[in-house]
Amino acid sequence: MRNLPFILFLFFSSCYWGLAQDKISADYSAVPLKEIIKDLESKSDLYFSYSEDVIADKTVSLRFENLYTDQILALLATESGLVFEKVSATDIIITLPTLTMDLCGYIHERPTGKPLVGVTVAINGNARGSISNSNGYFEFKAVTIGSEIRLAHLGYRDLVIVVGDVSLSDCPILFLEPGLETLNEVVVTSYLTKGLDKNSDGSFSLTNNRLGVSAGLVEPDVFQNIQNLPGITSLDESAAGIQIRGGSPDQNLVIVDNIKMYNTGHFFDLISAINPYLIEGARIYKGGASPKYGDRVSGVIDIYSDRAVPQKTTGGLGINGTHGDAFLKTPLGKHVGLLVSGRHSYSNIFQTPTFNVLSNKVFQNETLVTDAAGGIFEQSEDRAIKDDFFFYDSHAKLLFQPGKQDTISVSGIITKNDLDFVVQSDEDLVSDRLIIENQGVGFSWEGTRTKWFNHSLSAYYSSLDSSYKNEISEEAVLEEESFRSNTVEDYGLGLDLAFGLSGHHWLNSGFQWSNTTASFQFTRTESNDDNEIPENSATERNGEFSTHAAYLEYQYKPDSKAIFNAGMRVSKYSILDGIFWEPRLNLELPIFDQNLRFKITFENRYQPISQLIEFEDSQTRLENKVWTVSNGEDFPLLKSTQFSAGLLLNNGGWTFELDGYRKQLDGLTSFTNGFTNLVEDYSEGESTIMGIDMFLQRKFKNYSLVLGYTFNDVEYTFEELQDGSFPGNNDVPSNFSISNIFEKDNWEFALGWTIRSGTPYTPSTGLDDENEIGFGAINSLRLPSYHRLDASLRYGFNFSSSSKTKGAIGLSVLNIYDRQVPLFVSYRVDDDPVTDEQQVTLIEQLSQGLTPNLSLRINFE
């Protein structure tokens, strides 16, 4: 009887399972599945979980007698084509099957029928992507049926196909239609990181939905990502303070959906003001830009949102250490679609460690906020701090495609920063009130009349309103009041025409008109030593001009994949005499079967509006740059002449680029450059910039190593200020970076280290006989070198195997070892707290400390 316990166990187990799985009989004839589920739940202990969309319109015909529930579930799965997953003895989950198929295809150009190499083939809503080879061939393994595949190539209209709706099993030929920029072609994919490509005309293309992680970044921000490119940097660590090949940020042309932007930053430019999740991509030029781009003498950043009507509703929302955002893309009909997004800070409700680090960087030198060592005072009972600050932006676009050959769009954008900052100690008070708002509207009509003729009609309106008020009170008496305002209003229209002379020759032309008004006002009231009659000072300037510009560009691209662009832009400014000619040249020749390319660019450019530095009020330095227009006298027209030459090698996973350049800038003034020595007398000068950009990348299967180096020599010549040349304010002789990017499954990791020379500054010699600050040679000393280590980690996930809702969580850390050095210095006269005598105080603007940031995103479709 030693086996009795085992026999009893089998007996009771069989009885239990027999009870748990009662045999059921039924006869269903074209019965809705939902009714069958209810019938089975009434006849058994089973409980079904499902989405109404999954079982909608499902009917089943089925007849069975004396079957167990497991057998019935198997029959239902076969008849309905659904998955019946048993997660417990009684709980069943019904889902759609994950059906996949392998696919391949060949991508050719219409109408020539030639294969297209370098076409981006991406699965929408998925990190997977591919690039067509020299035969135009691409392939994917195990793609979910119903997924959308987008084929994108610069110069061609995007093509979207649905897996399953289009039979791809036989590798068909898919044709891309030419667009306006027919001759542009990618020569290096994933330059630096995934989603950032190098084009044959020297520009860079950023594709937002493909953009990979970068060191210190977990979100696809245009301004932050391109700062990792050699020749592009931000000396103040901001997102908007981009300097391209020695040019200042205001010398860059920034366009969003045809709208010229005059403010591109939140939180004193530390955060980009452009929501990346409504952006489809951007084109970036360091030099050699097309003659259709004018009015700036440095780089071009042309940002655009989706250009095709969405076929289905998609959206997302997210939150990070400074703000939250949401976006939606939805069709309003077969030919109409709407894109809308918004972001808003939440620091007025809750302040994160990320926000606190940024806040400390901005306000580190406020008069009553810093101690003798420059550190931030902690809030105490006798110091009430009012820190009301918020920012937001909104971007919307309405798309209309009346036919395959035309796309009409209207875009609107608004960005705003609002600060009310008060520090009070006993009866002393300092307050800052700052509002910056940039609004714009853009219109575009793009059409293809024939395969050899394209056109684009565009119009825009952009306005900037900025006001800043600073008050300082001592012992309840107003000692100083400063007010600064700046407004810009810019509107215009343009017509672009592209003519195909043959398959290799194109002629682009266009006409542009714009009207720009800019005004600024400074007022300052300061009590004298005896607190009697206040001393008042005021400066006001208004300017307005209109621009008429036309351009003509010839493009030639032979079968050898060489490219030759030669063009001319001609401009007439209403406030200046003469006509201004801007020749452009871009030549790139392949050597040794496309693996090695030689390139030359030349360009001449003019800029009629720029920013000046308001340096009279050096105590606060909150947004001390204002826009003003050129008048040919005290604010001359800026002129840039740039030449560059280089080599590009791309072969076997290796990419190496060497690019040397020389830039000459004329029309600089002491007012537009703001030297450390607080020059009050007007002086006109020039700048000579020479540099070398080097880039080395080695790609492996899941890992990429990137090295970048920039040598830069920036020299200023202001004969009225100092004999001979001296280093420019942004002269950084060496800038080196190394990045490591690793991707595995749904994980992305990046680690990067940057080191660069410190910027030059002017030393102080102390107070002179009139108690004014004395200075030595301009920019004769240099700040300590700057370096920091950054890291990022991002993980993407699906909420379920059948759900189209996806999520991503990211963690980034800037300046891991928390090294802070002065980025800029200035001086002011203070009273010595011990001797009560006046002395010169050195003010250091320190770099950003250790900055963690956590982000969470949820996207749906």
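This is a predicted model: local features need pLDDT of at least 70, side-chain atom pairs count only at pLDDT 80 or more; totals for chains, interfaces and linings use all residues.
1. Residues are numbered from 1 along each chain as its sequence is written, and side-chain values use heavy atoms, with hydrogens and water left out.

2. The protein has seven helices and 54 strands, which are DSSP runs numbered from the N terminus (helices H or I, at least four residues; strands E, at least two). Of its 861 residues, 50% count as buried, that is, under 20% relative accessible area with a 1.4 Å probe, protein chains only.

3. The largest nonpolar core has 30 residues, and the members that touch the most others are Leu 206, Phe 223, Ile 226, Leu 229, Ile 284, Ile 301 and Ile 303. Such a core is a set of buried Ala, Val, Leu, Ile, Met, Phe, Trp, Tyr and Cys residues joined through side-chain atoms within 4.5 Å. Among the elements that each supply at least two residues of this core are strand E15 (204-207), helix H5 (222-225) and strand E23 (300-305), whereas E22 gives the most, with three residues.

4. Apart from that core lies another, of 29 residues, which includes Tyr 262, Phe 355, Ala 518 and Ile 609.

5. Gln 611 lies in strand E37 (residues 609-613) and is buried, with a relative accessible area of 15%. Its C-alpha atom is separated by 5.1 Å from that of Val 626, 15 residues apart along the chain.
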